[in-house]
Structure formats: structure tokens, C-alpha cells
Amino acid sequence: MSTHRRGAFIVIEGLDRAGKSTQHARLCQNLENQGHRVKRMRFPDRTTPIGRSIDAYLKGESQQEDHVIHLLFSANRWETAASIRTAIEEGTTVVTDRYYCSGIVYSAAKGRDDLSLKWAREPEVGLPRPDLCLFLDITPEAVAKRGGFGNEKYETSAMQKRVRELFYELMQLPDGQEIKVIDAGRGIEDVERDIMERVLRMMAQTKMTEGLESILPW
Ligand code: NYM
Ligand code: MG
């Protein structure tokens with residue numbers, strides 16, 4: 001067996017306005033301060049041609065059928081899959097702001113009979129599976145105190161409420177194993193400390209000499 005140490009694959013998930021981008025930046029910086037090489041990523045990655053269509057959709061500048069936009073979000077992950085695996089194999093830790101959990105729950109939250117959690121998860125099967133997914137949890141009330149939402153698609157309290165319920169539903173399923181709930185309603189430093197603790201615990205417990213897994217079918 002090889003003793004080569006791979007990087008870790010960490011995802012930060014949560015509702016809009018939960019503080020994901022702030023915590024993503026702090027976690028990456030904290031890991032670098034500890035001597036880790038870090039690759040920062042975010043989904044949607046709005047810089048690619050697929051990402052630009054997603055961006056236009058979210059801003060209300062274009063329309064897409066619900067299944068089509070779902071598959072574009074998934075394709076936007078697939079176009080990075082090889083680079084994630086390469087970075088991790090080379091010993092770099094990859095930290096992403098959102099990933100396939102968002103993909104599944106936001107689409108399923110639309111409430112269509114023909115767009116279930118199960119259907120929404122299928123295109124993600126085979127993608128690199130995170131070692132740890134931190135779900136930054138915040139109540140709709142706390143979000144309101146933070147000044148409410150922006151004006152992109154999905155940024156309404158009804159949608160966010162459903163998204164939050166579905167995140168909890170997803171945690172009861174096999175994907176729940178690597179998802180850890182973080183109370184994001186606290187101060188920035190408290191959340192930051194909690195996240196770093198969970199990450200270090202995961203790094204100590206994971207066999208980093210074994211390859212990264214893939215998302216498996218249910
Ligand atoms: N979103 C994000 C999805 O609907 N599906 C996905 O696969 C991903 C990655 O995009 N409201 C939604 C969640 C957000 C929106 O994300 C834009 P952000 O992090 O606000 O830029
Ligand atoms: Mg947002």
C-alpha cells in the first residue's frame with residue numbers, strides 16, 4: 001500500500017445568507033496557515049460557458065425549464081471533476097462553497113412530482129465524494145435579522161424554508177454520513193472555530209492514504 005497522503009475534500013453548504021462565503025474564506029486561510037495547500041472552488045462556477053447560462057438564469061435574464069437548469073448545475077460540477085481529483089491526488093486540499101447537496105435540494109424544493117430528491121441526485125452519481133460536508137444551518141428568522149435576501153432566483157423565505165427541510169431529509173439518507181450541522185446563527189468567530197475543529201477531527205480520522213471515493217447510487 002502506498003503511504004502517499006492525498007488532500008482532503010471539504011464542502012461548505014447551507015442556505016443563502018448563512019455566511020458560507022465568509023466561512024469558506026476563513027477556513028481556506030486557516031488551513032493554509034497550518035501548512036496545507038488549498039484549492040478554493042465554488043459552485044455554481046459562473047466563469048465557464050455553462051456557468052454563464054446559470055448566472056443569467058439566477059439573475060432572471062433568461063429562462064430555463066426546471067430539469068434543464070438542474071442538469072446545467074450538475075454539468076457545471078462535472079466540468080471540474082477531473083481537476084478536483086487531480087488536486088487531491090497531488091496532496092492539495094479542495095474546499096468548495098456549495099456542491100451537489102445544493103444541487104439536489106434547491107431543484108427538489110420546487111415541489112414538482114417529476115423532480116424528486118432521487119431524480120435530482122442521479123446526475124451527481126460518480127462525482128468525487130466529499131470527506132466532509134459542513135451544513136451551515138440558520139433559521140429563516142435569523143436570516144431576516146441579517147437584512148434578508150438578495151434578489152436572485154430562489155432567494156425567498158418560502159423557498160429557503162423548503163430547502164432547509166430538504167437538507168434535513170437528505171441527512172437521513174446515506175449521504176447524511178459526511179454531513180455535519182453547524183449552528184451558523186452564532187458570531188463569525190464561534191462558527192469559524194467550530195468548523196476548524198470539525199475539519200481537523202475529520203483529517204485525523206480519515207485514511208488519507210486511500211483514494212477519494214465517488215458519489216454512489218442509492
Ligand atoms: N444552486 C446552487 C442550485 O440551485 N443548484 C446548484 O447545484 C448550486 C451549486 O444557486 N441560491 C443555487 C443556490 C443559490 C444559487 O448560489 C447561487 P450562490 O452560492 O448564492 O452563488
Ligand atoms: Mg446566494
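This is a predicted model: local features need pLDDT of at least 70, side-chain atom pairs count only at pLDDT 80 or more; totals for chains, interfaces and linings use all residues.
1. Start with helix 1 and helix 9. Helix 1 covers residues 20-33 and helix 9 covers residues 188-205; they pack with their axes 10 Å apart, at an angle of about 50 degrees. The crossing of helix 1 past helix 9 is right-handed. On the helix 1 side the contact uses Thr22, Gln23, Arg26, Leu27 and Asn30, and helix 9 brings Ile188, Val191, Glu192, Ile195, Met196 and Val199. Sorted by class, that contact comes to six nonpolar, three polar and two charged residues.

2. While you're on helix 1, have a look at Leu31, which also sits in that helix. Leu31 has 21 other C-beta atoms within 10 Å, and the cut-off for buried is 20 or more, so Leu31 counts as buried. What does Leu31 touch once its neighbours within four places in sequence are left aside? The contacts are His36, Val38 and Thr93. Of these, Val38 belongs to strand 2 (38-42) and Thr93 to strand 3 (93-97). As for Phe9, 22 residues away from Leu31 along the chain, the two C-alpha atoms are separated by 12 Å.

3. Helix 3 (residues 66-78) and helix 5 (residues 100-108) make another pair. Their axes are 10 Å apart and the angle is about 175 degrees. Anything over 145 degrees counts as roughly antiparallel, so that is the label for helix 3 and helix 5. From helix 3, the residues involved are Asp66, His70, Phe73, Ser74 and Arg77, and they meet Tyr100, Gly103 and Ser107 of helix 5. The make-up here is two nonpolar, four polar and two charged residues.

4. Helix 5 also packs on helix 8, which spans residues 157-172. For this pair the axes are 9 Å apart and the angle is about 125 degrees, so helix 5 and helix 8 are oblique to each other. The crossing is right-handed. Helix 5 supplies Cys101, Ile104, Val105, Tyr106 and Ala108, while Val163, Leu166, Phe167 and Leu170 come from helix 8. How many nonpolar, polar and charged residues does the contact of helix 5 with helix 8 have? There are nine nonpolar, no polar and no charged residues.

5. Met171 is also in helix 8. With 17 other C-beta atoms within 10 Å, Met171 is partly exposed. Setting aside neighbours within four places in sequence, its contacts are Gly176 and Ile179. Phe135 is 36 residues from Met171 along the chain, and their C-alpha atoms are separated by 9.9 Å.

6. Which residues of helix 4 are buried? They are Ile84, Ala87 and Ile88. These residues are on the same side of helix 4 because they cover an arc of only 95 degrees around the axis. The spacing makes sense: an α-helix has 3.6 residues a turn, so residues three or four places apart point the same way. The buried residues pack against strand 1 (9-14), strand 2 (38-42) and strand 3 (93-97). Turned away from that side, Ala82, Ser83 and Thr86 are exposed. Just after helix 4 comes Gly91, with a positive phi of about 95 degrees.

7. Two arginines are worth a check in the backbone. Arg17, in the loop between strand 1 and helix 1, has a positive phi near 75 degrees despite being a residue other than glycine. Arg17 has 20 other C-beta atoms within 10 Å and is therefore buried. Arg98 is in the loop between strand 3 and helix 5, and its phi is positive too, near 75 degrees. Is Arg98 buried or exposed? Arg98 counts as buried because it has 22 C-beta neighbours inside 10 Å.

8. Last, a cis peptide bond. Phe43 and Pro44 are joined by it, with omega at about -5 degrees. Pro44 lies in the loop between strand 2 and helix 2 (49-58).

Note on methods: Residues are numbered from 1 along each chain as its sequence is written. Chains are lettered from A and ligands numbered from 1 in the order in which they are written. Axes are lines fitted to C-alpha atoms, for helices over the stretch in contact, and angles run from 0 to 180 degrees between N-to-C directions. Helices (H or I, at least four residues) and strands (E, at least two) are DSSP runs, numbered from the N terminus. A crossing is left-handed if the near helix is turned anticlockwise from the far one by less than a right angle, and right-handed if clockwise. Two residues are in contact if their C-beta atoms, placed from the backbone, lie within 7 Å. Ala, Val, Leu, Ile, Met, Phe, Trp, Tyr, Cys and Pro count as nonpolar, Asp, Glu, Lys and Arg as charged, and the others, Gly among them, as polar. A residue is buried if 20 or more other C-beta atoms lie within 10 Å of its own, exposed if 12 or fewer, and partly exposed in between; C-beta atoms are placed from the backbone. The arc is that of the directions from the helix axis to the C-beta atoms. Angles under 35 degrees count as roughly parallel, over 145 as roughly antiparallel, 65 to 115 as roughly perpendicular and the rest as oblique.
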